[in-house]
Amino acid sequence: MVDQAKVRRESMRWNILLTLNNARPIGAYEELVLSTIQAIYPDATALELRRELDYLESRDLVKVFTD
């Protein structure tokens with residue numbers, strides 16, 4: 001049995017990394033990343049994106065800056 005929630009999370013994380021890689025070396029605002037993710041998952045929310053960004057940051061894969 002395939003866990004669809006896990007597939008979605010992992011796919012979302014991968015697409016976040018690809019988006020941020022293409023935005024190098026400047027980086028990207030959350031809104032840009034969210035719009036990219038929503039092109040793939042139209043029902044994606046800002047909270048869901050933030051959760052995945054926090055996960056990636058905890059693994060030292062991204063650095064999130066806040067004002």
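**View 1. The Arg8–Glu48 salt bridge.** The side chains of Arg8 and Glu48 meet in a salt bridge, with 2.8 Å from N to O; a salt bridge is a side-chain nitrogen of Lys or Arg within 4 Å of a carboxyl oxygen of Asp or Glu. Arg8 belongs to helix α1 (residues 4-22) and Glu48 to helix α3 (residues 46-58), so the pair ties together parts that are 40 residues apart in sequence. Helices here are DSSP runs (H or I, at least four residues), numbered from the N terminus, and strands are E runs of at least two. Arg8 and Glu48 are both buried, where buried means under 20% relative accessible area, exposed over 50%, and partly exposed in between (1.4 Å probe, protein chains only). A network of salt bridges links Arg8, Asp43 and Glu48.

This is a predicted model, in which local features need pLDDT of at least 70 and side-chain atom pairs count only at pLDDT 80 or more, whereas totals for chains, interfaces and linings use all residues. Residues are numbered from 1 along each chain as its sequence is written, and side-chain values use heavy atoms, with hydrogens and water left out.

**View 2. The Glu30–Arg50 salt bridge.** Between Glu30 and Arg50, the closest N and O atoms of the salt bridge are 3.5 Å apart. Glu30 lies in helix α2 (residues 30-40) and Arg50 in helix α3, so this pair ties together parts that are 20 residues apart in sequence. Glu30 is partly exposed, at 33% relative accessibility; Arg50 is also partly exposed, with a relative accessible area of 23%.

**View 3. The Arg50–Asp54 salt bridge.** Arg50 also forms a salt bridge with Asp54, and the closest N and O atoms are 3.9 Å apart. The two residues are four apart in helix α3, which means that about one helical turn separates Arg50 from Asp54. Asp54 has a relative accessible area of 38% and counts as partly exposed.

**View 4. The chain as the setting of these pairs.** The chain has three helices and zero strands, in the order α-α-α along the sequence. Its C-alpha atoms fill a box of roughly 40 × 25 × 20 Å along the principal axes. Of the 67 residues, 28% count as buried. Across the whole structure, five salt bridges are found. Residues 24 or more positions apart supply 50% of the contacts with a separation of 6 or more, a contact being heavy atoms within 4.5 Å.
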